[in-house]
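Subject: Structure for you to look at

Hi there,

Here is the structure I promised to pass on. Please have it open while you read, and my notes follow below.

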Amino acid sequence: MAQLWGGRFTKETDQLVYNFNASISFDQKFYKEDITGSIAHVKMLAKQGILTEEEGKQIEKTLGEILAEVESGSLEISPKYEDIHSFVEATLIDRLGDVGKKLHTGRSRNDQVALDMRMYTRNQVKETDGLLKELLETILKIMKENTETIMPGFTHLQKAQPITLAHHMGAYFEMFKRDRGRMHDIYERMNYCPLGSGALAGTTYPLDREYTASLLDFYGPTLNSMDGVSDRDYLIEFLNALSIIMMHLSRFSEEIIIWNSNEYQFVEIDDAYSTGSSIMPQKKNPDIAELVRGKTGRVYGALMSLLTTMKGIPLAYNKDMQEDKELSFDAMDTAKGCIALFNGMLATLSFKKENMRLSANNGFTNATDAADYLVKHGVPFRDAHGIVGRLVLYCIDKNCAIDDLSLEELKSISPVFEEDLYDAISMETCVNTRLTIGAPSKASMDKVISLNEAYLEKN
């Protein structure tokens, strides 16, 4: 058992205890952050005269070699070490002897792991943001191509009013744009360096924490050493943001699953993103959408786990906080994988535009516009609402749309109706007279698409 803290102890740790305590099986994931952080620490120690210039160069060079060998696969991270920090330091000492033992001067594993986790999470925030941008570009392309593709808008999963596919996609553009905003907010709050906090109370060595922070692209050092080693707010925030992203993806997936059903037939999923049945040859299943929907609970679980772990921990570091890693790593990988796969599915999706249009026609989605017609001709809205309700009942009884009725039939329900009603309640009129910003008209959508293009160019 390779460990760095044996001096206080008179006998070996029980093997089961050691295995339970060890974290290298999962914290080896941030070997790069650990070595990069150690290089910055050594540069600072040499700058401050805590190490000689020659010692600093030796350690820095050897750490660089260790990193290159791990990345090439010529050096394997051994599970005999307790954690990634022990592996890196022990390998350094094997190569440099006593000089390697000076690496840990002015540092604790507490601020070391706090740094590693923060740097790893920071990179994950950037990668997730990049994937979200690619998804937004796909959504915007669909919006541009479908400003005149009429479909029903729904409330309570019932047809409500006619909209366009561009308008429907625009709702998801706003959701994922907010998700990117959360990535930015998290980055801004988390980008401060805990290295130099020591175990909890700093150190007597004359460290230059501002210098170390700048080497690692942080805005500056954390301002309280106890908080520096025990803060996982940034990780909770990120898991929360990932949970919201997954919720958005799950909602979107649910709609694609519904739209792919025999009853709707609004979309055709590309063969590369669907599967068949082992027994029913006619089936084409929306497996990717269903898996994204299913994996949402997995990411939620990581968030709830970390919240529960952190809720009873007194200051400062406690071993409970080792539990911040495994589920978080899984949630990060899961969310990124889901965004990428969903984007691929969406980019190759075929929209059955005629079916969408027929669905809007057959669902009384223009009933509100018929009521608005009456209001514009002097009928109080509440009376107009009742008249159109009777009109819909009449159509249901005759199994037809409002547009299919003769003017005589319309006038039998309200004499206010005239020939111009047919134009007033056409799908195109219903959509394109809604001109306020955020509404589905082509004119409004063109403005929003232009704003979205500018946003993606800038961000």
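A residue is called buried here when its relative accessible area is under 20%. Please keep in mind that this is a predicted model.

With that cut-off, helix α14 (residues 367-376) has these buried residues: A367, D369, A370, A371, Y373 and L374. Their packing partners are α15 (381-398), α17 (421-424) and α18 (427-432). After α14 comes G378, which has a positive phi near 95°.

Next, a helix pair. Helix α11 (residues 287-310) packs with helix α12 (residues 326-347) at an angle of about 155°, and their axes lie 9 Å apart. Angles over 145 degrees count as roughly antiparallel, so α11 is roughly antiparallel to α12. The crossing of α11 past α12 is left-handed. On the α11 side, the contact is made by I288, A289, V292, K295, R298, V299, A302, S305 and L306. From α12 come L327, S328, D330, A331, T334, C338, L341 and M345. Sorted by class, the contact of α11 with α12 holds eleven nonpolar, three polar and three charged residues.

One more residue to look up is S359, in helix α13 (residues 353-361). Is S359 buried or exposed? Its relative accessibility is 11%, so S359 counts as buried. Leaving aside residues up to four places away in sequence, S359 touches P152, K159 and F266.

Best wishes

Key: Residues numbered from 1 in each chain as written. Predicted model: local features only at pLDDT ≥ 70, side-chain atom pairs only at ≥ 80, totals over all residues. Heavy atoms only, no water. Helix = DSSP H or I, 4+ residues; strand = E, 2+ residues; numbered from the N terminus. Buried < 20%, exposed > 50% of the residue type's maximum accessible area, 1.4 Å probe, protein only. Contact = heavy atoms within 4.5 Å. Axes fitted to C-alpha atoms, helices over the stretch in contact; angles between N-to-C directions. Parallel < 35°, antiparallel > 145°, perpendicular 65-115°, else oblique. Left-handed = near helix turned anticlockwise from the far one by under 90°. Nonpolar A, V, L, I, M, F, W, Y, C, P; charged D, E, K, R; others polar.
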